[in-house]
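Here is a short briefing on one protein chain and its ligand. Look at the structure first, then work through the points below.

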Amino acid sequence: MESLDQRLVSSWFHGHSSVPPTYVQPLESRPGCRFMSPSCMSIPVIDLGDRHNDRADTIKHILKASEQYGFFQVINHRVSKDLVEETLNVFKEFRAMPPKEKVNECSKDPIGRCKMYTSSENYEKDAIKYWKDSLTHPCPPSGEYMQYWPDKPTKYREVVGKYTQEMRKLGHEILELLSEGLGLDPSYFHGKLSKNPQVLQHHYPPCPEPSLTLGIAKHRDTSIITILLQEQDVQGLQVLKDGEWLRVDPIPNAFVVNIGLLLQVISNGRLVGAEHRVVTNSTMARTSVAYFIYPSLKTIIEPAQCLLNNGTTLPMYKSMPFGEFRTSFLAKFPKFEEELRFKWKNVNDAR
Ligand code: OGA
Ligand code: NI
């Protein structure tokens, strides 16, 4: 059987002028050629440094974006431009390392929390494969696990360590705004709900037939929120809004933020964990770095009690520890969300 380093798309795609049949998506999932939307349709941009607007205005904007799109970009976020550049460079250097070395650098943790994979985490089960290689590991603020992170490129731990600390701060800032907008305590997400952050880097090599393949299938994130750094000048991410795929074009010095399924549940369906996917292109490799805010496994995920107005509003979702949520989500995808919903009659009509 092929080893992982041989399976990585980045190891073999060079010699191909067409995609192997195992990478050809069924017709209904293909990007097609009519997915481009008018340029006036794009996800909202939230200016976090806008001193002319007061906080209440920022909260209003961010809440509206999270209700209507589940996606927005943030600018003037105070994360240093140099650090962002260094982070992308470290991951690009990683992407250029020999395949065996990449796999070795991600195989230090005996229980596999730091790992590389190709296609999706479920390679064996993917009937049709996805055009990407990924690297993931936990990045708790305590610095635990760092000994299992790659230590090549040489600056990996230093740079990714700093970057994930900054993401934690930015994540809290965004969650404070959302909490206030929803009517929750501003520190609602600061404890166990954001205890287990995870970093996930994707490498999408150029693909000879982008109209037949996908980099990531349509999905929702199982996070509270996700903060994504994408390379400038390379498009790939798309969001489903009212049945249309919208491109999320990179804008300078911005992060893409999306609402995860957990926040959809906690907000009792008010905020949308929007579906999104990644398409490939034929000329440029694309690197993206996602920072997922995840709870500890035992944390109960359910609609926030104070949003149920002392029992006068019915919960739309069942309660479940995060660990079980993750396992069921993976096992039952894409039906899980439906099962999680209560089927009340005539109330809280589902979106
Ligand atoms: C994800 C994801 C988007 C991207 O990792 O869940 O949606 O642009 N990534 O890589
Ligand atoms: Ni995602």
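The protein chain exposes about 16,500 Å² of surface, and carbon and sulfur atoms supply 52% of that area. Keep in mind that this is a predicted model.

**The chain as a whole**

- The protein chain holds 9 helices and 14 strands.
- Its radius of gyration is 20 Å, close to the 20 Å that the globule rule gives for 351 residues, so the chain is as compact as a globular protein of that length.
- The C-alpha trace spans about 60 × 45 × 40 Å along its principal axes.
- Of the 351 residues in the protein chain, 52% are buried.
- Take the contacts with a separation of 6 or more: 78% of them join residues 24 or more positions apart.

**The shell around ligand 1**

- Ligand 1 has 13 residues around it, and His-202, Tyr-204, His-276, Arg-286 and Ser-288 come nearest.
- By class, this shell has 7 nonpolar, 4 polar and 2 charged residues.
- Which strands each supply at least two residues of the shell? They are β5 (198–204), β6 (216–219), β11 (276–278) and β12 (286–292).

**Polar contacts and cover**

- The side chain of Tyr-204 has an N or O atom 2.6 Å from an oxygen atom of ligand 1.
- Ser-288 places a polar side-chain atom 2.6 Å from an oxygen atom of ligand 1.
- For His-219, a polar side-chain atom lies 3.0 Å from an oxygen atom of ligand 1.
- On its own, ligand 1 has 290 Å² of accessible area, and the protein covers 95% of it.

Key: Residues are numbered from 1 along each chain as its sequence is written. Chains are lettered from A and ligands numbered from 1 in the order in which they are written. This is a predicted model: local features need pLDDT of at least 70, side-chain atom pairs count only at pLDDT 80 or more; totals for chains, interfaces and linings use all residues. Side-chain values use heavy atoms; hydrogens and water are left out. A residue is near a molecule or strand if one of its heavy atoms lies within 4 Å of it. A polar contact is a pair of N or O atoms within 3.5 Å; within protein, one must be able to donate a hydrogen and the other to accept it, and residues adjacent in sequence count only if both atoms are side-chain atoms. Accessible areas come from the Shrake-Rupley method with a 1.4 Å probe; for residues, only the protein chains shown count as cover. Helices (H or I, at least four residues) and strands (E, at least two) are DSSP runs, numbered from the N terminus. Ala, Val, Leu, Ile, Met, Phe, Trp, Tyr, Cys and Pro count as nonpolar, Asp, Glu, Lys and Arg as charged, and the others, Gly among them, as polar. The radius of gyration is taken over C-alpha atoms; the globule rule is 2.2 Å times the number of residues to the power 0.38. Buried means under 20% relative accessible area, exposed over 50%, partly exposed in between (1.4 Å probe, protein chains only). Contact means heavy atoms within 4.5 Å.
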